[in-house]
Structure formats: C-alpha cells, structure tokens
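Here is a protein model to explore.

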Amino acid sequence: MTNEDSGFNTKLIHAGDVDDQFGSATVPIYQTSTFTFENAEHGAQCFAGERSGYMYTRLANPTIDALERQIAILEHGYGAIAVSSGMAAASTIYLGLLNTGDHIISTDAIYGASRTVMEKQFVRFGFQSTYIDTTDLEEIKKAIRPNTKVLYIETPANPTMGITDLAACSRIAKKHGLVLVVDNTFCSPYLQNPLDLGADIVFHSMTKFINGHADVVAGVIITKEKAHYTQLRTMMTNLGCNMDPHQAYLVIRGLKTLGIRIDRGQDNAQKVAEFLEKHPKIEWVKYPGLSSHPQYELGKQQMRGSGTMISFGLKSGFTGGKVLMNNVHLALLAVSLGGVETLIQHPASMTHSKVSTEDKNNAGITDDLIRLSVGIEDVQDIINDLSQALEII
Ligand code: LCS
C-alpha cells in the first residue's frame, strides 16, 4: 500500500495493487470481456449506477482499473482513462472537448499524427485549428479567437525538443476560459507533472516511457477535475478505444522500472548529447540538458530531468544523416521512442512525413533533423556506434 507521502518509485511498485482472494503479489490479468450478475436486479442496479460492480470490459475491468488508479496517483489527477494507443487518447480528447465551429491552438512541432488527424480528418466535423510555436507566449495570445476552446501543448515537442512554459500557458488559458491539454509523453510523470503547473488534462502515449519495452501500443488520459473525467470516459467507452486487460498487465509490469530506466537513459543521453555537440561533423544539437538549448533555464524549472530524447543536424544535412542511419549497428533504425533500446530515425521522412513540407519547415522539422531516443545500454557502446558511423560520412 502507498499513501500521498510515499516516494515516486514506491508508488511505481505498489500504487495500483489489487486485493484479490489469493493475495496475489502482482496485478492479475482479468482476461474477460464480461462479468456475471447475481440476479436481474443486480445487473439493472449496476447499469443504473446504484451499485458498484464490473459489467463489461469496454466500460471497466479490474486489471485496467489498477493501471488507471496508479497513473492517476503518479500524475496527481482526479482520475485516469486507459486507452488503446496514444492516438486514441488524442482523438478522445479532441472529440470530447470540441464542438463544430470550435477552435484549438496547438504546438506546431507535435507528433505528426496528432496534427494530421485534426487537419485532415476532424476538419470535416468543422473543428478549426491553428499550429504555432508555443515556446513564444506572444504567438499564443495572438492566435486566440472568440471561438477558441482548447490550448494543446506538447513539451518537449516531438521532434524539435522546444520547451513551452506550462505555468504561463495555464495563466493564459484561465484568462481566456480555455482548456489546457498537455501531451506529457516525452517526460512521463517521472520528469514532469503538468497538472501541478495548471493544466486541466494530460495524456501519454504509454507506448513510450511508461511501458518502456517496445512491446505494447497504449495510451492514457488524466484529468484534474471530475467533470472532464466523466466527459472523456463517456466519449472513450462509446468510441470503443478501450485498453485490453493483457495490454494493461504489460504496461503495469513495464511501469515498475520507469524511474530507474529514465535515470539511466538520461545519464546516457547527457553524455551522448555532449559527444555530438563536440563532434566536427555535427552542425547543431537540441537537448534540454545542454546549456545551448534555447529554453535551458525553463527546462530546469519545469522538468525534474532532461530526458532521453535528442535531436541534431549534420553539417552535410540529410545526405550525411542517411549515411549515419544506414551505418549504425547498435542503435535500431526505427520510429517510436522511450524504450530501453537506442533508436534513431528521420522525422521529416518517417514520423512526420504526412505533415506538409511547408508546415514542417515552419515548425522547425527540417530535412537535416535526426532524432535519437537514447536507451539504457552502456553509454560507451552507444557513443562508439555513433562515432564509427560518423567516420564513414
Ligand atoms: N504523442 C507523442 C508525443 C508521440 O510521440 C506519439 C507517438 C503519440 C502521441 C501517439 O502515440 P501512439 O498512438 O503511437 O501510442 N510517437 C511516435 C514517434 O515519435 N515515433 O513513432 C510513434
């Protein structure tokens, strides 16, 4: 059992514990789609909300509940809603908060699909959107319209690593009656708690740090208030983008080591970023732990560590980047991030390929940008791998 004063790592191990009849030490997988009722009256009372009890796994399930309880505690929220993917979380939030004719302001350099689902699909429902550099607070103020309802921030942003001031965004959101939504995927609750800085809703692709082992796709939404929780849970259960109990079990297992994985990964990332910054073939490096990062001080203030994500560009541009990606042996050439293994990829042609070239350039997702998710291998091996590949250029 944990209480509010328990440390973060203690909560990672015990916060979601369930009491089952056998005294299980870990959360069991309740791999069932449905639950039986004692009699017809019991079933009717459960559906009427007069008695608590499980009815159907799309609505709630003990394994998924255990994960949700734990994540809500870690993010300091009222409640958490586990979903099938990070994109299911983003879509549930968009559809749950916006009506036809409403306007959303968002960070321009966000995960590609979080933007294209709005601009290419939800635009059909009459949602209006503006994508701007939210590291510049004046840009946010300028973008507000009478019909703006949501301010959506990704910080650090994927893949530019720009850091947006969440406390300042919260003040702007409150003044204009906007709901502040934060994609906290790049930090995880170990490094940043946006609800404490004034956000209303936080979400994660749990595919990344929270699960951490590149074997599950999953998402979660956490709200500060009951009203948003009820609104979004209803949207999620009706859309049907619920999590599966086995998926929840794997995430619970991965989550236990979040703290030690990030501690180790960000120690490695700091050393890799310093190596890259000094390398003669590298033009620029963006990493929150380098004093050259444009929002270095803000990062120190609002994050409890610098994370494991690095973006950088080569002097020889994408031509050199391609040679680098084709010649690494340890780092895996793959999208996704936040796992125990080091991954390298090219956002302009991979994760952000569906964003138009003009929008990519405006958002700083330039053709030379290479993204690295630093894993927990021995750091010298990661550096040696990059070093030998850079020699070939
Ligand atoms: N938010 C962020 C910041 C992400 O990086 C991603 C996925 C999502 C949301 C969507 O989550 P999913 O549905 O994939 O669980 N980011 C990816 C990336 O950078 N490479 O591959 C996927």
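Helices and strands here are DSSP runs, numbered from the N terminus: a helix is H or I with at least four residues, and a strand is E with at least two. The model is predicted, so local features need pLDDT of at least 70 and side-chain atom pairs count only at pLDDT 80 or more, while totals for chains, interfaces and linings use all residues. Residues are numbered from 1 along each chain as its sequence is written, and side-chain values use heavy atoms, with hydrogens and water left out.

Start with the open spaces. The search runs on a 1 Å grid over the protein atoms alone. A pocket is an open set of points with protein on both sides within 12 Å along at least five of seven lines. A cavity is a set of points where a 1.4 Å probe fits but cannot get out. Lining residues have an atom within 4 Å of a point. Grid points are joined across faces, edges and corners, and a volume is the space filled by probe spheres set on the points.

Look at the largest pocket. Its volume is about 470 Å³. It has 20 lining residues, and Leu59, Ala60, Asp65, Tyr229 and Arg233 lie nearest its centre. Which elements each supply at least two residues of this lining? They are α3 (62–74), β1 (79–83) and α9 (226–239). The largest share comes from α3, with four residues. Now sort the lining by class. Ala, Val, Leu, Ile, Met, Phe, Trp, Tyr, Cys and Pro count as nonpolar; Asp, Glu, Lys and Arg are charged; the others, Gly among them, are polar. That gives 10 nonpolar, five polar and five charged residues.

Move to the second largest pocket, with a volume of about 290 Å³. It is lined by 20 residues, and Tyr111, Asn158, Thr185, Ser205 and Lys208 are the closest to its centre. Both α4 (86–97) and β6 (201–205) supply at least two lining residues each. The lining has eight nonpolar, eight polar and four charged residues. Where does this pocket lie? It lies between domain 1 (16–255) and domain 2 (258–392), because both give residues to its lining. The domain bounds come from an automatic or database domain assignment.

Next, find the ligand. A residue counts as near if one of its heavy atoms lies within 4 Å. There are 17 residues around the ligand, and Asp183, Ser205, Thr207, Ser336 and Arg371 come nearest. Some polar contacts (pairs of N or O atoms within 3.5 Å) stand out. An N or O atom in the side chain of Thr207 is 2.6 Å from a ligand oxygen. For the side chain of Arg371, the distance to a ligand oxygen is 2.7 Å. Lys208 has a side-chain N or O atom 3.3 Å from a ligand nitrogen. On its own, the ligand has 480 Å² of accessible area, and the protein covers 93% of it. Such areas come from the Shrake-Rupley method with a 1.4 Å probe.

The largest cavity has a volume of about 60 Å³. Its lining includes Phe209, Arg261, Thr308 and Val340. By class, that lining has five nonpolar, five polar and one charged residues.

Finish in the loop between β4 (148–154) and α7 (166–176), where Pro156 is found. A cis peptide bond joins Thr155 and Pro156, with omega about -10 degrees. Pro159 sits in the loop between β4 and α7 too. A cis peptide bond joins Asn158 and Pro159, with omega about 10 degrees. Met161 also lies in that loop. Although Met161 is not a glycine, it has a positive phi of about 70 degrees.

Notes: Polar contact = N/O pair within 3.5 Å; in protein donor to acceptor, adjacent residues only side chain to side chain.
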